[in-house]
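Dear colleague,

I am passing on the structure that we talked about, and below it you will find my notes on what turned up when I went through it. Please read them with the model open beside you.

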Amino acid sequence: MSNAVSTDARTATARLGEWAARLDVAGVPAPVLDRLSLVLLDAAGVTALGAGQDGMRAVRSSWNAPDGPAPLIGGGRCVPVDAAAWLNAMALVCLELDEGNKYAKGHPAAHGFPAVLALACELDASGRDTAAALLAAYEVASRFGRATRLRPGAHPHGGWGVAGAAAGCARLLGLGPGRVAAAIDTGAGLPVAGHFASATGGNPVRDAWIGASNLSGLVAARMAAAGIARNTGTAALSLGSLLGEFDPSELTGGLGERWDITRGYFKRHASCSFTHPAADAVLDLRGGLDPSRITGVLVETHALGAGLGSAEWDNRLSAMFSTPFAVAAALLDGEVGPRTDPGDPALRALARRVRLAEAADLTARLPDERAARVTVSLDDGTTRTREMTNPVGDADHDPLEERDVLALLKGWLPGHAGLVDRAAAFARALPALDHVGEALRGLAGDETKEPH
């Protein structure tokens, strides 16, 4: 990596720091704030859903965190900021339902929202500052995602997104441009080097990478607040030389004009986003279709999703990274839901009839389209084919509105309807709130009174 690239990264990071430090929601277009509200609602609801999983209950119990100012969303209590940032982040991603962004190549909100919200509780910050910090976290993370091309096999969780968490926390602390830039640079120097096979193999360390991102963002902002952090363009080394390639020009492209948060996607399937277009396609095809007549299913996909072809899995996480699982679940159950049983023998048998292949024409359409083409073969020799250019829920294709997100969350959380309504009210009112602490703590819910 040349010194010139590090210098360019330092210069671009300085511009990001200036932008984030001065970001005020009073100057943000209304559609951007509307989208922020929806992303925040989705994040809160999906976190509550994840918090009810047995694994997350066990992690909270083993953590044994003392009482504190920040809620474990859907977890029934409040804990110190660091514990809330980590545990809420893990809960947010553990069911593969968190919002994402195809241009960032990952999940900007998950990398920083839990840290910003936990810190906002501790500070009892204004809604105006909290909203600005959340936007800073998303936009900075997304730009670092655009700028980073990870080596083959690397997973994006806990990598480029740490810089966004640092930006959001630094903005919430009210740091000046230089110190916000130093926080961003420090966050860029704290990535996790995780392998994608950990996810496909079902290792929950993949969820912990997002916890690490949020906690590292807090650390970076605190170092900047202490005055010991520096902006040296370290992303060119950590995200560039060590983990892949880094293009600093992407950090400031369209800054203040293009809002990446408006170009993300919401999920209606509890599985990796690369499986969604195939699942959507078979949902369109399944009407009047008898699964017992299916002799084979060919799923053609792009290069990013071509590695998810295993029809064998040993836990829910590894199943969620299997296109055969998602296709079989959609065919049999009409959904790929958080309660879909990956151990169902009929589902496993059908999944073994699904074949995944890369199609050059679909790869050529990245990143604007994440397409899939599905051909179902029947026992009478006939076939049915459907192509999806993007998954349902993509902002550029078939976006979900607030009513859609609310319907999904309430369907997944029948015992938490009150919490979902409180989250929606909080997300809508956020920029106008004088203080956010009490409203956020209301999202902890009560495990004993509102079971999942």
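Ser241 belongs to helix H11, residues 235-242, and helices (H or I, at least four residues) and strands (E, at least two) are here DSSP runs numbered from the N terminus. The C-alpha atoms of Ser241 and Arg22, which are 219 residues apart along the chain, are separated by 31 Å.

Please keep in mind that this is a predicted model, in which local features need pLDDT of at least 70 and side-chain atom pairs count only at pLDDT 80 or more, while totals for chains, interfaces and linings use all residues. Residues are numbered from 1 along each chain as its sequence is written, and side-chain values use heavy atoms, with hydrogens and water left out.

**Helix H5 and its partners**

Helix H5 (residues 108-123) packs on helix H10 (residues 205-226) at an angle of about 50°, with the two axes 8 Å apart; axes are lines fitted to C-alpha atoms, for helices over the stretch in contact, and angles run from 0 to 180 degrees between N-to-C directions. That angle makes H5 oblique to H10, since angles under 35 degrees count as roughly parallel, over 145 as roughly antiparallel, 65 to 115 as roughly perpendicular and the rest as oblique. The crossing of H5 with H10 is right-handed, a crossing being right-handed if the near helix is turned clockwise from the far one by less than a right angle, and left-handed if anticlockwise. On the H5 side, Ala110, His111, Gly112, Phe113, Pro114, Ala115 and Leu119 meet Ile210, Ser213, Asn214 and Leu218 of H10, where contact means heavy atoms within 4.5 Å. The residues of this contact between H5 and H10 divide into seven nonpolar, four polar and no charged; Ala, Val, Leu, Ile, Met, Phe, Trp, Tyr, Cys and Pro count as nonpolar, Asp, Glu, Lys and Arg as charged, and the others, Gly among them, as polar.

H5 also packs on helix H7 (residues 162-172), at an angle of about 20° and with the axes 8 Å apart, and H5 and H7 are therefore roughly parallel to each other. His111, Gly112, Ala115, Val116, Leu119, Ala120 and Leu123 of H5 make this contact with Val162, Ala165, Gly168, Cys169 and Leu172 of H7.

**Cysteines**

The structure holds zero disulfides, a disulfide being a pair of cysteine sulfur atoms within 2.5 Å. Cys121 is in none, the nearest cysteine sulfur, that of Cys78, being 6.9 Å away, and Cys121 is buried at 3% relative accessibility. For Cys169, the closest cysteine sulfur is that of Cys121, at 12 Å, which is too far for a bond, and Cys169 is buried with a relative accessible area of 0%.

**Covered helices**

In helix H14 (residues 323-333), nine of the eleven residues are buried, and these buried residues pack against helix H12 (276-285), strand E5 (294-301), helix H13 (316-320), helix H15 (345-351) and strand E6 (354-358). Nine of the ten residues of H12 are buried as well, so H12 is largely enclosed by the rest of the structure. The buried residues of H12 pack against E5, H14, strand E7 (372-378) and strand E8 (383-388).

**Backbone points to check**

Most residues other than glycine have a negative phi, and most peptide bonds are trans. The peptide bond from Leu366 to Pro367 is cis, with omega near -5°, and Pro367 lies in the loop between helix H16 (360-363) and E7. Lys105, in the loop between helix H4 (81-93) and H5, has a positive phi near 70° and is partly exposed at 35% relative accessibility. Asp124, in the loop between H5 and helix H6 (127-147), has a positive phi of about 50° and is partly exposed, with a relative accessible area of 30%.

With best wishes

How values were computed. Buried < 20%, exposed > 50% of the residue type's maximum accessible area, 1.4 Å probe, protein only.
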